[in-house]
Amino acid sequence: MTTALAQKIKSLILASGPISVTDYFALCLADPEHGYYKTRNPFGRAGDFVTAPEISQLFGEMVGIFLVVAWQRHGEPLDARIVEIGPGRGTMMADMLRVVARLAPRLYETASIHLVETSPALQAVQRETLSAHGDRIAWHTSFDEVPEGFSLIAANELFDAIPIRQFVKTPTGFRERMVGVDAQGELCFAAGVATLDPALLPPRQIAPPDGEIFEIAPARQAVLTTLCDRLLKCHGTALVIDYGHMVSGFGDTLQAVLAHEYDPPLAHPGMADLTSHVDFENLARTALSAGVHVNGCMYQGDFLIGLGIEDRAASLGRGKDAQTQAEIVKAVERLAGAGEGRMGELFKVMAISSPTVALPPFKGAN
């Protein structure tokens, strides 16, 4: 089955030649007519994937606890900005604010709340989810619009949706991976002419074989640098949660998800969600070179357990019926469980701050 966006991309390629994976990625998600985020509501059971905040209120509550601790360690400044970039349906912000209001009423009462969201459809959903907070909340289509000031920033599953560049190893070195049209008129991958600076490659004892993929993400670095610049100028902490790896390496992580199932990345442009794994080592290097403090990077499971998700789950389940208690236990296991392919290990959490503050549950913070 071909999609309207597939037809548009094929016409573009036939007219002007193959396009880069970056351009393909961006068209799939953000094409004004047929892009995934412009035409679909991807979240929840009826969408294509379920994010951590949709699994349990416990996730957003733990992030809220972390932001309260960060605010305290920064000296409890008044007039803070609580910012979420890419806030989905607003579920995480609702859970965060409930905890902030309970644990740090002074922060809640004096802070302004900012959501950075490009989709008008999702903004409408967020307004409904967060209606209890009324006119406390401001929406922005770009982070640059968030007013300056001490900031507590959260970004859950933001960076995986920012386009990457891919390079493929050929007999003549690494060449940019492109999307073209094959003899049957179908979209296909091909090697382009652009080459890669070998200094960008991770150290490796033996040369990678032909066909090996290496990914870089200048657009992700640019977004993180923007956050770093704000923290340097106005102080605060940013929390980044996403699936990815802690050590830079080789491999093709471009993936599409359609109706909760993996889908070939070129199969249904515009209909499937397109993402790739986040290179947290590269993000940490980017933050350090920008001059901010990297509090650390850890598995999501360790982060949630370190903040007390198990104790909070126990109190949430107290006095509830057996089925509700079982569901709470299952949610904690899903969010924080270790093991390959499970969220607790697949997802990583990185915090950055300026000025330097010690933040639990990251090492050396107590």
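Arginine 285 is partly exposed, at 41% relative accessibility, and in this predicted model its side chain meets that of glutamate 281 in a salt bridge, 3.0 Å from N to O. Glutamate 281 counts as partly exposed too, at 28%.

**Other salt bridges**
- The structure has 16 salt bridges in total.
- Lysine 8 pairs with aspartate 31, with 2.8 Å between the closest N and O atoms. Lysine 8 is in helix 1 (residues 4-16) and aspartate 31 is in the loop between helix 2 (21-30) and helix 3 (36-39), so this bridge ties together parts 23 residues apart in sequence.
- Aspartate 210 and lysine 169 make another bridge, their closest N and O atoms being 3.2 Å apart.
- Aspartate 210 is partly exposed at 47%, whereas lysine 169 is buried at 18%.
- Glu61, Asp95, Arg98 and Arg312 are linked up in a salt-bridge network.

**Nonpolar cores**
- The largest core holds 54 residues, and Phe66, Leu107 and Phe303 have the most contacts inside it. Helix 5 (residues 57-73) is its top contributor, giving nine residues.
- Looking past its neighbours within four places in sequence, phenylalanine 66 touches several residues, including Leu239, Phe303, Leu307 and Phe362.
- A separate core has 25 residues, Val83 and Phe280 among them.

**Surface patch**
- Met246, Val247 and Tyr299 make up a nonpolar surface patch with about 260 Å² of accessible area together.
- Tyrosine 299 belongs to strand 15 (residues 293-299) and is partly exposed at 34%.

Note on methods
Residues are numbered from 1 along each chain as its sequence is written. This is a predicted model: local features need pLDDT of at least 70, side-chain atom pairs count only at pLDDT 80 or more; totals for chains, interfaces and linings use all residues. Side-chain values use heavy atoms; hydrogens and water are left out. Patches are made of residues with over 30% relative accessible area and no salt bridge: like charges are joined within 9 Å, nonpolar side chains (Val, Leu, Ile, Met, Phe, Trp, Tyr) within 5 Å. Accessible areas come from the Shrake-Rupley method with a 1.4 Å probe; for residues, only the protein chains shown count as cover. A salt bridge is a side-chain nitrogen of Lys or Arg within 4 Å of a carboxyl oxygen of Asp or Glu. Helices (H or I, at least four residues) and strands (E, at least two) are DSSP runs, numbered from the N terminus. Buried means under 20% relative accessible area, exposed over 50%, partly exposed in between (1.4 Å probe, protein chains only). A nonpolar core is a set of buried Ala, Val, Leu, Ile, Met, Phe, Trp, Tyr and Cys residues joined through side-chain atoms within 4.5 Å. Contact means heavy atoms within 4.5 Å.
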